[in-house]
Amino acid sequence: MCGIVGIVGREPVAERLVDALRRLEYRGYDSAGVATIDSGVLARRRAEGKLFNLEKKLAEDPLPGTIGIAHTRWATHGVPNETNAHPHFVDGVAVVHNGIIENFSELKEELIGEGVTFETQTDTEVVGQLIARSLRNGMGRREAMQAMLKQVTGAYALAVIFADDPSTIMAARSGPPLAIGHGRGEMYLGSDAIALAPFTNEITYLVDGDWAILGRDGAFIFDHDGNRVERPRQISQSAAYMVDKGNHRHFMEKEIYEQPEVISHALAQYVDLGDHTVDTSICGAIDFASLRSLAISACGTAYLSGLIGKYWFERYARLPVEIDVASEFRYREIPLAKDQAALFISQSGETADTLASLRYCQEVGLKIGAVVNVKESTIARESDAIFPILAGPEIGVASTKAFTCQLTVLASLAIAAGKLRGTIAPDEERQLVKSLTEMPRLMSSVLNAVESQIEALARELSRYQDVLYLGRGTSYPLALEGALKLKEISYIHAEGYAAGELKHGPIALIDENMPVIVIAPFDRFFEKTISNMQEVAARGGKIIFITDEKGAAASKLPTMATITLPHVAEIVAPMVYSLPIQLLAYHTAVFMGTDVDQPRNLAKSVTVE
Ligand code: M6R
């Protein structure tokens, strides 16, 4: 979603602000803008579309000034045109905003009633108008900022500069994250530490309800009531990561190929690679031994990893799991008791619905675990136990390596839980962990083996308008993930179904125009899935069969293509079978010429409901 950066500096800032925005591109956006103050005058450049449009404007008409704020906008209120692009100016006040001001309509009506005119369709403009009104009424800048914060409700990260104060940025957070960066004689503001990595690795995260005044030599932070507060300064690891594509065409491709390596790192953290055991201390504050049940909640791909986790917790730890997408979980008024725990899965650790579900469980007094990639995120900070997935920054909007790393962590936790609950014998533990440790090698060999076949198949798939994915057991959530991946980056309509559900409706769709991707390792569900595949073949459906050597040998059905993987243990199949699914979506999208890393309308980090 929207990205914010700000610099109170000693040298011109416009170019550096745009460089920092580039590091926030992965969040998704449809317009961008930058504003600076020079000789007491606010000036801005804004452009619809990608950052190069903004850069072109800056090249033609540079912006001087050693203080500035900048923004990438993911449209919520108002179309993504230049007028609605941030920063918004009102009487010498410039504002950028990430989030939604929920009461903006009432505030706007009130201001219009007072004779104020609005330039944009955005909710953000009320922020500038409220501050400007207070300034007109004689308030100081700081009081005006505080007064505005008392009037607005909703989710926001805000940065504000004032034409008549070229040495101060004001910032506020309620919901979406905001980080202050400490420099030498300069201070920075950013939506995350990745944006600030070229400037500094010394970061202070604002807590919900905080607002701050940044000068060149430091920052003062206040809580919602205006009391000075201290927040810890941390050394961020983000600078250590090279956020570039290496030899790959897209971040998504790079991230698909990184999986064997990052999964090795994750595994090393959760299992003993030598004696093939799990140390139950990885469970931290979650006492799996005494739990009656576990509630899991997440969004999108993270939810689908949780759905696979459910199969594992129930099978290996005999622990009942309640799972729901976070946007439903939070409003379902689900009865929860203290002998349950809750697990939230999120790559970014900032997803608004997941965070709201977490807070709901916190109120009930449940122990909270977080399976996150960003360890400094809000979800991580508000949890009792953090289970980092160690995937490194994931920049492509389509989640790939975060998914398989989440699965790796969930599998390890399910084994540890089984051990604690006495439902896994030592032999079974060793066998399961040994299978996990073989996974990175298997994944490397699959990546090498299937790419060219999948590339050719993608060319064919791109001719269709609808695709169905089928699977059973843990291959069912994988079918859902395959469909999600294909639709989000290629814009081809795709649906995932439990293979057993085929006869209950979707079979009506089967004809020669509907490729059906069947995910069927040669496991205990294989025969049943083959029967469903038979039903597809009998109706002229075109089958893309993803299986292993044993499965390929056992099935005699005609297929459009058969992608044959090595035979793997059941617990690692979801990770290994993710690879052909990700590659198929990736190459189809590349072939269709879509914006693979930043697909239309999507945001990497969804910080609003
Ligand atoms: O950061 P999170 O893991 O909480 O994000 C959840 C979803 O928004 C995310 O997985 C989304 O579905 C991806 N674009 C899927 O590829």
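**Close-up 1. Thr529 in helix 16.** Thr529 sits in helix 16, which spans residues 526-538; helices (H or I, at least four residues) and strands (E, at least two) are DSSP runs numbered from the N terminus. The model is predicted: local features need pLDDT of at least 70 and side-chain atom pairs count only at pLDDT 80 or more, while totals for chains, interfaces and linings use all residues. Residues are numbered from 1 along each chain as its sequence is written, and side-chain values use heavy atoms, with hydrogens and water left out. With a relative accessible area of 2%, Thr529 is buried (under 20%, 1.4 Å probe, protein chains only). Beyond neighbours within four places in sequence, Thr529 is in contact with Arg472, Ala499, Val518, Ile519 and Ala520 (heavy atoms within 4.5 Å).

**Close-up 2. Packing of helix 13 with helix 14.** Helix 13 (residues 401-421) and helix 14 (residues 426-461) pack at about 170 degrees, their axes 10 Å apart; axes are lines fitted to C-alpha atoms over the stretch in contact, and angles run from 0 to 180 degrees between N-to-C directions. Helix 13 is therefore roughly antiparallel to helix 14 (angle over 145 degrees). Helix 13 contributes Thr404, Thr408, Ala411, Ser412, Ile415 and Lys419 to the contact, and helix 14 contributes Glu429, Leu432, Val433, Leu436, Met439 and Met443.

**Close-up 3. Lining of the second largest pocket.** Among the 26 lining residues, Cys299, Gly300, Thr301, Ala603 and Val606 lie nearest the pocket centre. On a 1 Å grid over the protein atoms alone, a pocket is an open set of points where a 1.4 Å probe fits, with protein on both sides within 12 Å along at least five of seven lines; lining residues have an atom within 4 Å of a point. Helix 9 gives the most to this lining, with five residues.

Terms used. Buried means under 20% relative accessible area, exposed over 50%, partly exposed in between (1.4 Å probe, protein chains only). Angles under 35 degrees count as roughly parallel, over 145 as roughly antiparallel, 65 to 115 as roughly perpendicular and the rest as oblique.
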